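Have the viewer open as you read.

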Number of protein chains: 2
Amino acid sequence: MDAKHPVRTTEKTLALVEELMDRGPCGVTELANGLEMGKSAVHNHLTTLQKHGYVLKTGDEYQLGLKFLEVGGSTRKSMEFYQVAEPEVKSLANETGELANLLVEEQGMGVYLMRSKGEEAVDLDTYAGLRTYLHTTALGKAILAHLPESRVEEIIERRGLERKTPRSVGSREELFEALEGVRDRGYAIDDGERLEGLRCIAAPVKDSSDEVLGAISVSAPASRVSDDDLHGRLPERVLSAANVVELNINY
Amino acid sequence: MDAKHPVRTTEKTLALVEELMDRGPCGVTELANGLEMGKSAVHNHLTTLQKHGYVLKTGDEYQLGLKFLEVGGSTRKSMEFYQVAEPEVKSLANETGELANLLVEEQGMGVYLMRSKGEEAVDLDTYAGLRTYLHTTALGKAILAHLPESRVEEIIERRGLERKTPRSVGSREELFEALEGVRDRGYAIDDGERLEGLRCIAAPVKDSSDEVLGAISVSAPASRVSDDDLHGRLPERVLSAANVVELNINY
DNA sequence: GATAAGTGTTCTGGATAATAGAACAGAATC
DNA sequence: GATTCTGTTCTATTATCCAGAACACTTATC
């Protein structure tokens with residue numbers, strides 16, 4: 001699993017990229033200080049990345065370029081699950097008027113593949129590509145509930161169970177209890193755990209051999225989701241969307 | 001502009017990433033042959049990228065992970081132009097029922113920031129992040145028409161004017177003539193140049209100091225776009241969308 | 001079922017290349 | 001106009017990347 005002979009130079013480049021992602025546009029000296037590297041080394045890495053389109057220079061500042069979006073967009077486009085689910089998530093958003101999301105698991109984390117806003121949708125700070133802990137969202141719990149228990153244990157081991165808010169899952173017992181509930185109901189719920197006043201309903205998408213491919217959700221402000229909706233109209237609609245994707249994936 | 005002291009190891013990693021993007025999932029030997037590198041070197045680079053989430057391994061095959069989408073999505077999200085234009089492109093798609101696009105220029109190439117499909121939209125093989133030559137699309141011509149002539153010359157020098165189809169622009173004279181027309185009309189047209197039977201209308205978005213930020217377009221099959229539409233209803237709608245973005249960007 | 005040819009992975013030391021540090025040029029600040 | 005910031009260039013030395021060989025497997029082939 002771990003690199004036996006890591007390429008240290010590459011690791012420095014990647015650290016530089018992530019530093020640039022966190023800081024936004026900035027100069028050579030600031031990056032060199034943040035990464036504890038010499039200015040000349042940082043400069044060499046930056047000009048190399050620039051040459052290949054991964055970094056842009058405007059004046060004396062460097063920033064990430066859209067080449068990452070090209071590579072990322074291309075990998076997303078090559079995923080059958082995304083291709084099939086995309087139109088369904090879109091109509092889910094249009095029909096409910098709320099925010100609809102698509103999440104997959106990768107290396108123990110949740111990755112948003114897309115989000116689609118309906119007419120009235122709240123504007124969360126999620127975006128395509130954003131990573132999230134699986135145990136902190138309805139989407140993540142819908143996925144965890146249908147992974148083998150050993151995989152779930154691995155993921156807890158690797159990523160921990162840090163509490164995002166006081167109301168959220170924070171222990172192994174709480175999580176497994178929650179996952180049991182998800183399996184019983186068929187869908188996962190987040191009632192203000194991640195964000196006060198926000199309710200989410202998520203359903204898993206499984207392939208023909210019952211392996212979970214990802215999850216679909218709708219997020220809406222509590223003011224527009226009655227307690228009846230939360231266990232009636234909305235889950236029905238989300239489950240139906242997930243079901244259509246399953247049918248289209250399995251031919 | 002060019003790296004004086006390029007980091008060769010980083011360049012090898014980037015070459016590996018692009019090879020992986022072109023080939024899709026594949027093994028160590030295939031990559032090593034394609035890149036003319038030793039197997040052990042390729043293996044070291046792959047495990048390093050995997051360690052940081054940029055590459056995934058399934059069985060004996062390696063493939064790109066969604067970390068690129070994270071970095072790319074984050075850079076896109078940090079662009080004010082995208083933030084402001086995104087809802088407008090979406091409603092342009094919904095109201096016309098066709099395919100709406102958003103393009104920016106980067107390093108002499110066009111980069112699609114997003115595409116939004118209306119009810120009847122054709123399904124082109126464009127995707128967020130895709131790069132295209134500027135002179136081959138209506139979107140690109142809308143941008144070129146509002147760049148300083150010296151920039152346009154630089155871009156021609158750097159990227160050439162390769163013809164995509166027999167009908168498309170293929171010489172400096174043709175291009176500058178076309179750009180003149182775009183400036184006169186206020187919008188750019190692609191009438192089957194890029195793809196037989198596909199008509200596109202694109203309008204530039206400029207900031208308060210008249211610098212072009214990008215372009216918005218609608219693409220539709222010729223069967224649904226009359227000659228009247230091509231110079232009436234559609235450009236009006238696209239220009240209006242571009243105008244709204246300009247107003248919202250300049251406060 | 002034995003052999004051969006494929007795969008990915010590990011290991012090593014010697015050739016390669018990354019980088020710290022100093023020096024430079026230019027901008028901004030005081 | 002001196003000082004202190006920038007980003008950039010250069011070089012020598014150190015660190016490290018990588019070819020090539022050997023390994024453990026799996027898959028073909030006869």
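## Cysteines

Searching the whole structure, over all chains, turns up zero disulfides (a disulfide being a pair of cysteine sulfur atoms within 2.5 Å). Cys200(A) is buried, at 7% relative accessible area, and Cys200(B) is buried at 7% too. Buried here means under 20% relative accessible area, exposed over 50% and partly exposed in between, with a 1.4 Å probe and protein chains only.

This is a predicted model, where local features need pLDDT of at least 70, side-chain atom pairs count only at pLDDT 80 or more, and totals for chains, interfaces and linings use all residues. Residues are numbered from 1 along each chain as its sequence is written, chains are lettered from A and ligands numbered from 1 in the order in which they are written, and side-chain values use heavy atoms, with hydrogens and water left out.

Within chain A, the axes of H7 (residues 149-159) and H8 (residues 172-185) come within 12 Å and cross at roughly 145°. From H7(A), Glu149(A), Val152(A), Glu153(A) and Ile156(A) meet Arg172(A), Leu175(A), Phe176(A) and Leu179(A) of H8(A).

Axes are lines fitted to C-alpha atoms, for helices over the stretch in contact, with angles from 0 to 180 degrees between N-to-C directions. Helices (H or I, at least four residues) are DSSP runs numbered from the N terminus.

Key. Helices (H or I, at least four residues) and strands (E, at least two) are DSSP runs, numbered from the N terminus. Contact means heavy atoms within 4.5 Å.
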